[in-house]
Amino acid sequence: MRSRLNPYIAFNGNARQAMEFYRDVFGGELEMGTYAEYGSPDAPADRIMHARLDTPNGYTLMAWDVRQGMPFHPGNNVAVYLGGDDAELHSYFERLSANGTVTLPLEKQSWGDEAGSLVDQFGITWMVNITHQDQQPSQFPADAL
């Protein structure tokens with residue numbers, strides 16, 4: 001088995017709603033299980049212990065609700081990055097920004113790609129970089145977004 005790296009996002013009671021939203025944005029198969037379903041009878045029945053979304057484009061996004069009493073510190077120290085030359089990235093950016101805040105409009109940037117960033121309605125930061133077919137893949141500046 002090969003190693004994998006993918007986001008695993010913590011929520012404070014709204015993981016189900018967030019993952020259903022992401023399924024609407026990206027499509028794919030969503031599986032979810034509550035703490036109670038995994039054998040934790042003391043946990044609230046509706047809190048998600050594990051959720052996994054596998055999309056048709058090969059993305060995997062995972063999430064959970066933190067346990068009651070466990071500290072929850074949302075912040076801006078991590079962003080989910082989407083990049084490539086896929087025209088569908090425009091649609092993802094627009095749909096992810098619904099009820100959220102665009103922090104950098106998706107437009108051509110100084111390094112030649114289209115790029116933008118947003119914070120979605122669940123407080124998750126997303127960065128999108130679209131490389132155009134007629135260019136070489138870029139190395140955009142790390143502090144650009």
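Two rings of Phe, Tyr or Trp (its six-membered ring) pair if their centres lie within 6.5 Å; planes under 30 degrees apart count as stacked, over 60 as edge-to-face, and the rest as tilted. With that rule, ring pairs link F11, F21, Y22, F26, Y59, Y92, F122 and W126 into a cluster. I'll come back to that cluster.

Ground rules. This is a predicted model, where local features need pLDDT of at least 70 and side-chain atom pairs count only at pLDDT 80 or more, while totals for chains, interfaces and linings use all residues. Residues are numbered from 1 along each chain as its sequence is written, and side-chain values use heavy atoms, with hydrogens and water left out.

Overall layout. The chain has two helices and eight strands. Helices (H or I, at least four residues) and strands (E, at least two) are DSSP runs, numbered from the N terminus. In sequence order the pattern reads β-α-β-β-β-β-α-β-β-β. Along the principal axes, the C-alpha atoms fill a box of roughly 55 × 30 × 25 Å. Of the 145 residues, 38% count as buried. Buried means under 20% relative accessible area, exposed over 50%, partly exposed in between (1.4 Å probe, protein chains only). For contacts with a separation of 6 or more, residues 24 or more positions apart account for 53%. Contact means heavy atoms within 4.5 Å.

Next, helix α1. It has 12 residues and reaches 16 Å from its first C-alpha to its last, close to the 16 Å expected at 1.5 Å a residue. The expected span is 1.5 Å times one less than the number of residues. Which residues of α1 are buried? A15, A18, M19, F21, Y22, V25 and F26. They cover an arc of only 155° around the axis, which puts them on the same side of α1. That arc is taken over the directions from the helix axis to the C-beta atoms. G27 follows α1, and its phi is positive, near 75°.

Back to the rings. A search of the whole structure finds 10 aromatic pairs. One of them is F21 with F122: tilted, 5.8 Å centre to centre, 55° between the planes. F21 sits in helix α1 (residues 15–26) and F122 in the loop between β7 (114–119) and β8 (125–130), so this pair ties together parts that are 101 residues apart in sequence. F21 is buried, at a relative accessible area of 14%. F26 and Y92 form an edge-to-face pair, 4.7 Å centre to centre with 65° between the planes.

Four strands form an open sheet in the order β5-β8-β7-β6, with mixed pairing. Two strands pair if DSSP finds at least two bridges between them. β5 (79–84) and β6 (101–108) stand at the edges with a single partner each, so one side of each is left without a neighbour in the sheet. The twist averages 10° from one strand to the next. β7 and β8 pair in the antiparallel sense over six bridges. L118 stands opposite W126 in β8. Helix α2 packs on the sheet, touching β5, β6, β7 and β8, and its direction makes about 155° with that of β8. Axes are lines fitted to C-alpha atoms, for helices over the stretch in contact, and angles run from 0 to 180 degrees between N-to-C directions.
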